[in-house]
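Have the sequence and the 3D view open as you read.

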Amino acid sequence: MHKIDDICIVAEDKIYESDEKKIPTDHVSQAKRHERWVRENISTLHATAKVYTVFITNSSTLEDSAKIHAEGIYYCNKETLLEEFIKGLINQWLPLEFSL
């Protein structure tokens with residue numbers, strides 16, 4: 001079992017006016033920098049911690065030039081995230097006052 005400071009999830013979210021918009025290179029590289037920032041600024045994070053970068057968006061395609069920067073970034077569709085959140089809220093999660 002992992003300790004809390006062995007795993008970190010960072011996220012970049014970009015919701016575009018059109019689902020057809022390709023994710024631009026600068027948005028992908030911005031997400032890529034989150035891991036470095038966390039490692040440099042969060043003192044409780046273990047040096048060997050696994051950092052997962054998640055890109056949350058309504059788009060499903062990258063600009064061709066962005067593909068090289070996307071390695072190690074996980075994709076999460078905005079609608080899927082909302083559906084899973086609602087399922088969790090209804091089926092699994094307790095209100096905060098009952099989970100303490």
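Predicted model: local features only at pLDDT ≥ 70, side-chain atom pairs only at ≥ 80, totals over all residues.

Which residues of strand β1 (residues 7–14) sit on its covered face, and which on its uncovered one?

On the covered face of β1 you'll find C8, V10, E12 and K14, while I7, I9, A11 and D13 make up the uncovered face. That every-other-residue pattern has a simple background: in a regular strand, side chains alternate between the two faces of the sheet.

## Pairing with β2

β1 runs parallel to strand β2 (residues 50–57), and eight bridges join the two.

## A closer look at α1

How far apart are the end C-alpha atoms of α1? They are 25 Å apart, and that agrees with the 24 Å its 17 residues should span at 1.5 Å a residue.

As for which parts of α1 are tucked away, T25, H27, V28, A31 and V38 are buried. Among the elements covering the buried residues of α1 are β1, β2 and β3 (73–77).

## K67 in the loop

K67 sits in the loop between β2 and β3. Its C-alpha atom is 7.8 Å from that of T25, although K67 and T25 are 42 residues apart along the chain; T25 is one of the buried residues of α1. The side chain of K67 also makes a polar contact of 3.2 Å with the side chain of D64.

Definitions and conventions
Residues numbered from 1 in each chain as written. Heavy atoms only, no water. Buried < 20%, exposed > 50% of the residue type's maximum accessible area, 1.4 Å probe, protein only. Helix = DSSP H or I, 4+ residues; strand = E, 2+ residues; numbered from the N terminus. Pairing = 2+ DSSP bridges. Expected span 1.5 Å × (residues − 1). Contact = heavy atoms within 4.5 Å. Polar contact = N/O pair within 3.5 Å; in protein donor to acceptor, adjacent residues only side chain to side chain.
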